[in-house]
Amino acid sequence: KLTILSYNIAGMKGKKDNHLFFEFIRKFDVILLSETHLEEKDSVAFECLFKEFHIYFKPALRHFRFGRAIGGSIIGYKKNRAVSKICSFCNVNTNVIIKISQNRNPEIYLVPVYININSWNNDFDQLNNLMNEITNVNTIVIGDCNARISEEQVIQSDLSHHNFNISEKRKSKDKCLNTKGKQLLDFCDDNDLIVLNGRSKSDSQGEFTFIGAMGTSVNDLCCVSFSVVSMIDDFVVLPEMYSDHCPILLTLNLLNSNVDETVTLPLLPKLIWHGNDVNYKNRLDIELNKINNLEEKPIDTINNLIGVVNKAATRQKVGKPLVKKQEWFDWECVNKRKRAFKLLNLFRKTSSMAIKNVYVKCIINYKQLCKGKKENYLKLLIEKVKEAKDSKQFWDAIRTFKKQNFLCNSGLSVNEFRSFFEELHNPVAEPPVIIYAEPWVSDPILDNEFNRSELQCVLNRAKNGKAPGLNRVPYEFFKNASDNFLQILLRAFNRIYGSSQVPPNFREALIFPLHKKGDTKQVANYRGISFIDVEAKIFSGLLLNRLWQWLDAHQIINEFQAGFRAGYGTIDNIFNLVNLIQLKFEEDNIKKIYLFFVDLKAAFDSIPRNLLFYKLTMLGLSSKFVSVIRNLYEESRAAVWGARGTSEFFPTSSGVKQGCLLSPALFSIYLNDLHHEIGGGIYLGDLNIRLLLYADDIVLIADKPDILQKMIDALGSYCRSWGLRVNLEKSKIMIARKKGGRYAVDEKWNFEGENIEIVNRYNYLGVLLTPSLSFEPHLKDKLRSSKFAINCTWAKLINNCNTPINSKLNVFYATSRSIMTYASQVWGFKRYDTVEKLQRFFVRKLFKLPRNTANYIVELETGLNSMYLYTLRLHINYILKAMKMSDNRLPKVIVHRILSNKMLWYREWEDLCVQLQVPPFQIENPNTWKGHLALLLQRISANERMNAISRARQGQHHIVYPKLEFDRCDYLYCTKFEDAQLILKARSESLNLNYKPFDPEAVQICALCNLKEVENIVHFIGVCPILAPYRVHYLKKRILSVDEVCFILNGDNWQNLVNYLKEALQYRKALIEE
């Protein structure tokens, strides 16, 4: 473990003789002391007090003759071997930080922070610039930030399934959120940093870090990269009195030795499909011809076919596997490395200079080989990204760059998981018993034998790369099988269907524990994903297609269930719910709509199977079909799949089978009558809408409190009758209100005697809903998730200089933009600045621009359309899609009502058309909408560009940019990425010079020459005499006027400009460091 102490000591001189203070700081491995007030002349006198540490002194600055110097810091790490081995000083952009390196973990950059309250903006900008220089690395930012952030920053639920030893929500005794705190929170989101204060087990309440005569606050903060969180052992605010500030202590657990020692059963290795195996079908037929009486019994036939596949499969030569740290590191690299080690050991034994020379040459060759392998590998990946012809090829290519944060378990044994899942699938409570005489029912749709086209349909829908079941044979060996093999398989399936007797392996499953969120050492925080043998999946797929054909023919599944149905999705339910409420508010002048979001406890795993079979029978399914489903569930069993094998099997007596293709449809059938039984609801014209379902996500809807209570009582009765349980901890009521106000006296509800919590926010199908139906809170949450995707998941690709900008944009559109614009089909008709912030953030991150780079510069230099154009297109296209749905579809009913009354989002459309002088959409002629939408988007784009140019021309902070041409973004695509980055920084006056357009407090005079001129872009490129030799060489003149500088920045010769900037900046950096 590594202990890191950060402490604002408020002056070192007064503590020089305090032995207790030095005894205190010597307890820790790394010390970060701020506000020492020590000047450079004091460093020698104090260095002897830190003999145990490698120390770096940053002197305090003296602005006045009298009084103390301002700032100053001491950072250091212990000289002992264990700490010195992993810690070292690192100079980044004239800032000294500590780099923590260990073989088993990625490097961590430890950034000590002190932001002076009197120069906060300047210090904060320097911190931002530093973070721009260390992108794509794990970071810890710790120290006195002089910013108050209250209890802000909640870890998103879609991110918290990772290995977190901290809580999702922060607590803090400091309830103040100031402007600086808001900026710091944005900084954390921009740089993938999580605040630890108020989250750890030792700081669960968010203790004050400053306690003085001026008040109390939490100013000293520790912020860590998402990838570092799994290494956090603890964070604590220590109660010490050497300063008004309290020291904060971070403990890192750099070694994780959780090992599952449970004895497990062996698991066969997965059979690997080689995509270029052209002779597989021939070998398969040869092996089939060797077997006598192949089709004697269906069960034996299935087993024989699996045996044939195993014999016909091409197997690689078994040997020691190559453990790759990098994908490009192959056996040639391994052998070259081994040879170098042998030569090194031989030289140590013999001290022969000849052997030493051979060793040195071997090392050079090894490094050159690795460098070449890496470069060729990256080039190949980039080419794959460029040449991708469809979404599958695109994702296969870029997935290599994805930063993985995957956790299956954290030291829990297989037997612990086995006990958990055995209890889950075998509830103690006896399910209700229904005695009924099962009628004999036949049906031609369900009972006919399966044909070859049905089998081929199932195989065509099967995805490659899926994990197989116990026999370890994946889909690919069936999808690429010969006609003879598939005919035999089809006949076996038909005989199984005819007899209603399935093979035993059809009832077996492997359960893999996957962490959801919360404490990783609690088995209840894991969900199981099941894997069954592929032949069982194919058989289930045949049954599923028959089942849906029958359900659709008889219109069984009601319109209010959108889960697991073709042509239905989460967006439909979100659109229906939001627009239903708004319609009731506007049409009927109803002020409140009551929503009960129901969470069923382990719904899929707890359905009583005897009641499921009863419902299938009463629905009218054929006796043959029900019988084969019943047989699939009889004596079913499962085993847990761990790191070293599987547990022993255990029986499963309840729930639908996870991993079975039939299960979603069976679950939908089981809950299908809930809408009829629940009663109540609201009316849209003559249509009674009581609830909306998406699988087991249920929301009850009512317009009166007493009606909702009756619906809740009916739900309780339904759950008791059908063996379901409501999880009241997660089930909540939200009151959608047309206007604000307090809750009425009668607005209280209970479920079976227990009160139901009323909330102001609820995450429904991925959308954060509020009583006012404002999407701002939802968009702010999505902005954090989208930034996480850029900072963490896809940082490797985005920061790769060899990746073309177009490919980076495509990844951004496919990942972060998709997250940000989720459900924009519902809200996309409005422009939200929160949405636009994401694209600006991406561009600033991509080109390492300062945080305060003007928005109009981002828009004009990249030429990218606003996110609003994208969300508006998605919204209008969804409305058009809804209008083409069948008449019974709820989205179509709602859309027709809104268009007929010209209200809600259609009213926004009309206002937009008037503003841009575009004719309104013709409601009676939807076929013209696509052309009309294209015209509208074109007008919006032109208007946005015109506004951006106007703002740029009127800019007060920039000297050159208002005079530049704005149609020169071609340099982004016709030059190397790092060159484009440099050109953009120069054009936007964002180079790291002394002149900061948005910071008048900064020291602006040129640090190189004695002209005492402001070091802006004109001085740097055209005037500074120290840089004249580079200017003459590349730009052909010793001094340039403002107009000549503008001419060069407009692209007279991009390469000459880049060469000048590179050499001038490098020389400037060397002079300043010297």
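Predicted model: local features only at pLDDT ≥ 70, side-chain atom pairs only at ≥ 80, totals over all residues.
Local features need pLDDT of at least 70 and side-chain atom pairs count only at pLDDT 80 or more, while totals for chains, interfaces and linings use all residues. Residues are numbered from 1 along each chain as its sequence is written, and side-chain values use heavy atoms, with hydrogens and water left out.

Me: How many of the 17 residues of α31 are buried?
Reply: Buried means under 20% relative accessible area, exposed over 50%, partly exposed in between (1.4 Å probe, protein chains only). Among the buried residues are M867, Y868, H875 and M883. α31 is mostly covered, and the buried count is twelve.

Me: Which strands stand at the edges of the open sheet of six strands?
Reply: Two strands pair if DSSP finds at least two bridges between them. The order is β3-β4-β2-β1-β14-β13, with mixed pairing.

Me: Which residue in β2 is the bridge partner of I4?
Reply: Strands β1 (residues 2–8) and β2 (residues 30–34) run parallel, joined by five bridges. In β2, the partner of I4 is V30.

Me: Which residue in β25 stands opposite I593?
Reply: Strand β25 (residues 732–737) has six of six residues buried, so the rest of the structure largely encloses it. K732, M734 and A736 point one way; I733, I735 and R737 point the other. β25 pairs with β17 (residues 592–599) in the antiparallel sense over six bridges. Opposite I593 stands A736.

Me: What is the relative direction of helices α4 and α5?
Reply: Axes are lines fitted to C-alpha atoms, for helices over the stretch in contact (heavy atoms within 4.5 Å); angles run from 0 to 180 degrees between N-to-C directions. The axes of α4 (residues 120–133) and α5 (residues 179–190) come within 12 Å and cross at roughly 5°. Angles under 35 degrees count as roughly parallel, over 145 as roughly antiparallel, 65 to 115 as roughly perpendicular and the rest as oblique. That makes α4 and α5 roughly parallel.

Key
Helix = DSSP H or I, 4+ residues; strand = E, 2+ residues; numbered from the N terminus.
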